[in-house]
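Please open the model in your viewer and keep the sequence panel beside it.

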Amino acid sequence: MTVPWKVARNVRKLKTRAIARLKQATAAREPLQRSTTHYTGKRLDERIGRKAGNVESILIQIVGEVSQQECDNCLKNNGPWTKYVRFLDIDRTVTACGNCQWNGQAERCNFYQLSLVAEHP
């Protein structure tokens, strides 16, 4: 999977372990925005490209698993995505749902856990 956003990279290396892990996964769906989010085309691309957390968020939506149990923030319609999607990996590199990961707010997710692997800058 291609990760075109510059914010996701430090020169040629991916910026976070989470982006690297998500990039290796197989795409499962197109990300769908909530009806209250009106970003399309270039504007959506700009919003995603502002923060590494936003890149992680959209990748979670693309490769993660749709869950029936939503976190409290998703139940309040926080975040840009319609579906509650989580990416489950053994190292807990990524634990928050895609909506909570948006703007780097992973800690607000009920299912957030600290990674088992230390992040190296």
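The stops below move from helices to single residues.

**Before starting**

This is a predicted model, in which local features need pLDDT of at least 70, side-chain atom pairs count only at pLDDT 80 or more, and totals for chains, interfaces and linings use all residues. Residues are numbered from 1 along each chain as its sequence is written, and side-chain values use heavy atoms, with hydrogens and water left out. Helices (H or I, at least four residues) and strands (E, at least two) are DSSP runs, numbered from the N terminus.

**First stop: helix α1 and its partner**

Select helix α1, residues 17-24. Its buried residues (buried means under 20% relative accessible area, exposed over 50%, partly exposed in between, with a 1.4 Å probe and protein chains only) are A18, I19 and L22. Viewed down the axis of α1, these residues fall within an arc of 95°, so they line one face of the helix; the arc is that of the directions from the helix axis to the C-beta atoms. Their cover includes β2 (13-14) and α3.

Two packed helices are described by the angle between their axes and the distance between the axes. For α1 and α3 the angle is about 25° and the axes are 10 Å apart. Axes are lines fitted to C-alpha atoms, for helices over the stretch in contact, and angles run from 0 to 180 degrees between N-to-C directions. The angle makes α1 roughly parallel to α3 (under 35 degrees counts as roughly parallel, over 145 as roughly antiparallel, 65 to 115 as roughly perpendicular and the rest as oblique). Contact means heavy atoms within 4.5 Å.

**Second stop: helix α2**

Select α2, residues 41-48. L44, R47 and I48 are buried here. They cover an arc of only 100° around the axis, which puts them on the same side of α2.

Next, show the side chains of E46 and R43, which meet in a salt bridge at 3.8 Å, N to O. A salt bridge is a side-chain nitrogen of Lys or Arg within 4 Å of a carboxyl oxygen of Asp or Glu, and by this rule the count comes to one. The two residues are three apart in α2, about one turn of the helix. An α-helix has 3.6 residues a turn, so residues three or four places apart point the same way. E46 is partly exposed at 38% relative accessible area, and R43 is partly exposed at 35%.

Select V94, in the loop between β4 (85-86) and α5 (98-101). Is V94 buried or exposed? At 5% relative accessibility, V94 counts as buried. Apart from neighbours within four places in sequence, V94 is in contact with A18, L22, I60, F87 and D89. From V94 to R17 there are 77 residues in sequence, but 8.7 Å in space, C-alpha to C-alpha.

**Last stop: three further residues**

Select E30, in the loop between α1 and α2. E30 is exposed, with a relative accessible area of 65%.

Finish with N77, in the loop between α4 (72-75) and β4, and N103, in the segment after α5. Most residues other than glycine have a negative phi, and most peptide bonds are trans. N77 has a positive phi of about 65°, and N103 has a positive phi of about 60°.
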